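Hello,

Here is the structure I promised to pass on. Have a look at it first, and then read on for what turned up.

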Amino acid sequence: MELLENLKWRYATKKFDSSKSINEEDLEKLKQAVQLSVSSYGLQLYKVLIIKNDELKLQLKEAAWGQDQLTDASHIFVFCNYTERKNEHIDEYIQATSKTQGTPLEKLEGYRNLIKESLSAKPDTAWQSWSEKQTYLALSNLLTACAELKIDSCPMEGFEKEKFNSILGLDQKGLNAAVIAPIGYRSEEDHTQFRTKVRKPKEVLFEELL
Ligand SMILES: Cc1cc2nc3c(=O)[nH]c(=O)nc-3n(C[C@H](O)[C@H](O)[C@H](O)COP(=O)(O)O)c2cc1C
C-alpha cells in the first residue's frame, strides 16, 4: 500500500528550502484534494486561503512566533472556519445539491430543516469547536495529498489567531484562522527529517472488541 510509504515519508517540516516553489499543476491537485474532503452534512463551512505573497508571509511569521516555515515555504494554506452560523450557508448547500444531483427542492426540505435544527441547537462554544473541527479534515487531506506528490508540509496551530485574522482581514468576512499548513520542499539542512517517528504502539492505540 503506497499510502503507508507516503505517510512514513512525510514529517512536520521545520526547515523548507526557500528556493523551491510548487508548480501550478501540483497546486491544482492539492486544491482538489482539499475540495474533496469530507465535512459534516457536506456543508464545507470554511474557506481556504493560499498565500504566496512574500510581504504577507513575513507579517504572518511575526504572528507565528517567528517560525521560519512561514517565510521559507512555497505556499501557506490557512484554513478558516465561519464564525457565525447562517441559514444561507445551509440554503446554498441545499440549492447546490438539488442542482447537482437533480433532486427536486421539496424532497430536500426535510434534510434542510434537520441541519438547521441541529446546528441552531448547539451552544456557541460547541458551534465554534464543531466549526473549527471541520477544517482539520481538510487539513488532513492536504497533508496526505502533499505526501503523495512528495511535497513537504507542516500542520501548525502555533500562531496568534487574532493577529492572523486581522492581517488577513478575516474578521470582516466572518472567518477565523483555525489551523495552517505551510507547504513546499524540505531543506537538506532540516535534521528533523532523519528522526524516527514517535507513535504509540498499536496495542496501546487500538482496542478491538471481538
Ligand atoms: C494540529 C497540529 C498543530 C501543530 N502545530 C505545530 C506548530 O505550530 N509548529 C510545528 O513545528 N509543528 C506543529 N505540529 C506538528 C506536530 O508536532 C507533528 O505532526 C507531530 O509531532 C508528529 O510528527 P510528524 O508529523 O513529523 O510525524 C502540529 C501538528 C498538528 C496536527
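What share of the 210 residues of the protein chain count as buried? The answer is 40%. Please keep in mind that this is a predicted model.

To find your way around, start with the overall layout. The protein chain has 9 helices and 4 strands, and along the sequence they follow the pattern α-α-β-α-α-β-α-α-α-β-α-β-α. The C-alpha trace spans about 60 × 50 × 35 Å along its principal axes. Among contacts in the chain with a separation of 6 or more, 80% are between residues 24 or more positions apart.

Now to the inside. The largest nonpolar core has 30 residues, and Leu70, Val78, Leu119, Phe164 and Leu168 have the most contacts inside it. Several elements give two or more residues to this core, including strand 1 (46-51), helix 6 (105-120), helix 7 (124-148) and strand 4 (175-184). Strand 2 gives the most, with 4 residues.

Leaving aside neighbours within four places in sequence, its contacts are Tyr41, Leu43, Leu45, Arg85, Ile90, Trp127 and Trp130. There is also a second, separate core of 19 residues, with Ala33, Phe77, Leu142 and Tyr185 among them.

The chain has 29 positive and 33 negative charges, and their mean positions are 2 Å apart.

Enjoy exploring!

Best wishes

Definitions and conventions: Residues numbered from 1 in each chain as written. Predicted model: local features only at pLDDT ≥ 70, side-chain atom pairs only at ≥ 80, totals over all residues. Heavy atoms only, no water. Core = buried A, V, L, I, M, F, W, Y, C linked by side-chain atoms within 4.5 Å. Buried < 20%, exposed > 50% of the residue type's maximum accessible area, 1.4 Å probe, protein only. Contact = heavy atoms within 4.5 Å. Lys, Arg positive; Asp, Glu negative; His and termini not counted. Charge placed at Lys NZ, Arg CZ, Asp CG, Glu CD.
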